[in-house]
Amino acid sequence: MGQKNTARDLGLLALRTAVGGALAYHGAQKLFGAFGGHGLDATAQGFESMGFAPGKPNAALAGAGELAGAALALGAATPLAAAGGVGAMLVASEVHRPNGFNAQAGGNEYPVTLGVAAAALALTGPGRFSVDHLLGDRVNRPWLAALALGGAVAGGAVTIARRNAALAQAEAVSEEIESEAAEGDFLLGDYDPETGSNDGADKLIK
């Protein structure tokens, strides 16, 4: 029995290290430009282009959720650390979903795998070789795992819904502009995806 438990704990340590390390790696890229990343400002611009407005807070939240993977690798506050990765990977999976599952085709295979693995670690716990175990599992409780994962899924769902609404509104405006252009009318100005309106300088020229 003791050998089985040791093998299980070693397996959880290996899984935590791989999953948490990968998440933290991407979080550091987003937030700090580490490991060849672009940093927060450039990442925010990318988020804006994907429909996450405002870009900077969304990029910061995604990066922070991923950076929590460092705590997951250590097995510290495991449910909370894992939930950060789950929320970030849920949203990332939706972004890549139109490309299918295959990672080589730009699909969501990678974020789905990391997200499911992080969720599994939240449910199983970090094992004996962890900070949580050293601290008596004070912040590693089943109820906390359920609460944290529920919050991550809810937060991810809200973020996805807001993005989809912004993209739909931007598409509607684009179609309207194309329609006006086809009729010889041109709409000038900047469309703000966050407010769903154009700036005060916009006007219609016939």
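What share of the contacts in the protein chain with a separation of 6 or more comes from residues 24 or more positions apart? The figure is 59%, where a contact means heavy atoms within 4.5 Å.

Before we start, please note that this is a predicted model, in which local features need pLDDT of at least 70 and side-chain atom pairs count only at pLDDT 80 or more, while totals for chains, interfaces and linings use all residues. Residues are numbered from 1 along each chain as its sequence is written, and side-chain values use heavy atoms, with hydrogens and water left out.

**Stop 1: the whole chain**

Show the protein chain as a cartoon. You will find eight helices and four strands, in the order α-α-α-α-α-α-α-α-β-β-β-β from the N terminus on. Helices (H or I, at least four residues) and strands (E, at least two) are DSSP runs, numbered from the N terminus. Of the 206 residues, 36% count as buried; buried means under 20% relative accessible area, exposed over 50%, and partly exposed in between (1.4 Å probe, protein chains only).

**Stop 2: helix 3**

Select residues 55-67, which form helix 3. This helix has 13 residues and reaches 18 Å from its first C-alpha to its last, close to the 18 Å expected at 1.5 Å a residue. (The expected span is 1.5 Å times one less than the number of residues.) Colour G55, N58, A59, A62, G63, G65 and E66, which are buried. They cover an arc of only 160° around the axis, so they sit on the same side of helix 3; the arc is that of the directions from the helix axis to the C-beta atoms.

Stay with E66 for a moment. Its relative accessible area is 5%, so E66 counts as buried. Leaving out residues up to four places away in sequence, E66 touches L23, A24, H26, G27, K30, A88 and M89.

**Stop 3: aromatic pairs**

How many aromatic pairs are there? The count comes to two, with rings of Phe, Tyr and Trp (its six-membered ring) pairing if their centres lie within 6.5 Å; planes under 30 degrees apart count as stacked, over 60 as edge-to-face and the rest as tilted.

Select Y25 and F35: their ring centres are 4.9 Å apart and their planes at 25°, so the pair is stacked. Y25 belongs to helix 1 (residues 2-32), while F35 lies in the loop between helix 1 and helix 2 (39-49), 10 residues apart. Y25 is partly exposed at 35% relative accessible area, whereas F35, at 54%, counts as exposed.

Next, select F47 and F52. Their ring centres are 5.4 Å apart and their planes at 45°, so this pair is tilted. Both F47 and F52 are buried.

**Stop 4: V95**

Move to V95 in helix 5 (residues 78-96). Apart from neighbours within four places in sequence, V95 is in contact with M50, F52 and R163. Draw a C-alpha to C-alpha distance from V95 to G107, and you get 8.8 Å for residues 12 apart in sequence.

**Stop 5: annotated spans**

Finally, select residues 67-91, 112-131 and 143-161, which the unreviewed UniProt entry annotates as "transmembrane region". UniProt positions are given in the numbering used here, feature names are shortened, and annotations may be inferred rather than shown by experiment. Residues 67-91 are 84% helix and 0% strand, with end C-alpha atoms 15 Å apart. Residues 143-161 are 100% helix and 0% strand, with end C-alpha atoms 27 Å apart.
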